[in-house]
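Subject: Structure handover

Hello,

Here is the structure I promised to pass on. Please open it first, then read the notes below.

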Amino acid sequence: MRVEFTLNGRKKSVDVEPNQLLLNLLRDELGLTGTKYGCGIGMCGACTVLLDGEPVLSCLTLAAEVDGKTVETIEGLGEGGSLDPLQEAFMETGAIQCGFCTPGFIMAAKALLKENPEPTEKEIREYLKGNLCRCTGYVNIVKAVKSAAGRAKH
Ligand code: FES
Ligand code: FES
């Protein structure tokens, strides 16, 4: 079936299989490998993207579901040469070690800051509890999100 949607600000029109997952469409067909394939079963958050501004797990979302909608991936951030405040904050606070979980955390945090521009540490931890990191122990990730909160654009 033909699916038309907006991907990182650009119109896309692609043929998808009825059972094709959004994660596979993004990574395998559209070459956007920033969205990570972690568990594949909705447990880790590495595949988080924004669908009409809401965080969704692309490993549990059918490609067909994005028809007529807007999808944002990590590749859509920092276009035009300037990093998103969340990207800057993650680098500054050392919230990245292997980096595998980072795109998912940043996309989820982006949705959080849009909804709640000044979240408390508890609210950050609660919102991001579906995103798992094997490396950092979360302290610096929470610091990064707090640091990005209140910066110019989310
Ligand atoms: S890859 Fe989607 S939640 Fe783990
Ligand atoms: S930085 Fe390695 S999994 Fe999070």
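Let me start with a term: buried means under 20% relative accessible area, exposed means over 50%, and partly exposed is in between, with a 1.4 Å probe and protein chains only. This is a predicted model, in which local features need pLDDT of at least 70, side-chain atom pairs count only at pLDDT 80 or more, and totals for chains, interfaces and linings use all residues. Residues are numbered from 1 along each chain as its sequence is written, chains are lettered from A and ligands numbered from 1 in the order in which they are written, and side-chain values use heavy atoms, with hydrogens and water left out.

Helix α3

Helices (H or I, at least four residues) and strands (E, at least two) are DSSP runs, numbered from the N terminus. Start with α3, residues 102-115. Of its 14 residues, 12 are buried, so the helix is largely enclosed by the rest of the structure. The buried ones are Thr-102, Pro-103, Gly-104, Phe-105, Ile-106, Met-107, Ala-108, Ala-109, Lys-110, Ala-111, Leu-112 and Leu-113.

What covers them? The cover includes the strands β3 (48-51), β4 (54-57) and β5 (70-72). It also includes the helices α2 (85-92), α4 (121-127) and α5 (139-148). Contact here means heavy atoms within 4.5 Å.

The length of α3 agrees with expectation. The expected span of a helix is 1.5 Å times one less than its number of residues. For α3 that should be 20 Å, and its end C-alpha atoms are 20 Å apart.

Gly-150 lies in the segment after α5. Gly-150 touches Pro-117 and Glu-118, not counting residues up to four places away in sequence.

The cores

A nonpolar core is a set of buried Ala, Val, Leu, Ile, Met, Phe, Trp, Tyr and Cys residues joined through side-chain atoms within 4.5 Å. The largest one has 25 residues. Those with the most contacts inside it are Leu-86, Phe-90, Phe-105, Leu-128, Ile-141 and Val-145. Helices α2, α3 and α5 each supply at least two residues of this core. The largest share, eight residues, comes from α3.

Helix α1 (22-29) has its own buried residues: Leu-22, Leu-23, Leu-25 and Leu-26. Their cover includes β1, β2 and β3. Just after α1, Gly-31 takes a positive phi of about 70°.

Loops

Thr-35 sits in the loop between α1 and β3. At 2% relative accessibility, Thr-35 is buried. Leaving out residues up to four places away in sequence, Thr-35 touches a list that includes Leu-23, Leu-26, Cys-47, Val-49 and Ile-74.

Asn-8 is in the loop between β1 (2-7) and β2 (10-15). Its phi is near 50°, a positive value in a residue other than glycine. Asn-8 is buried, with a relative accessible area of 12%.

The loop between α4 and α5 holds Tyr-138. Phi of Tyr-138 is near 75°, again positive in a residue other than glycine. Is Tyr-138 buried or partly exposed? At 28% relative accessibility, Tyr-138 counts as partly exposed. Beyond four places in sequence, Tyr-138 is in contact with Phe-105, Arg-125, Asn-131, Leu-132 and Cys-133.

Thr-136 is in the loop between α4 and α5 too. Thr-136 is buried, at 14% relative accessible area. Its contacts beyond four places in sequence are Ala-95, Gln-97 and Ile-141.

The largest pocket

On a 1 Å grid over the protein atoms alone, where a 1.4 Å probe fits, a pocket is an open set of points with protein on both sides within 12 Å along at least five of seven lines; lining residues have an atom within 4 Å of a point. The largest pocket is lined by Cys-44, Ala-46, Cys-98, Phe-100, Cys-101, Leu-132, Cys-133, Arg-134 and Cys-135.

Best wishes
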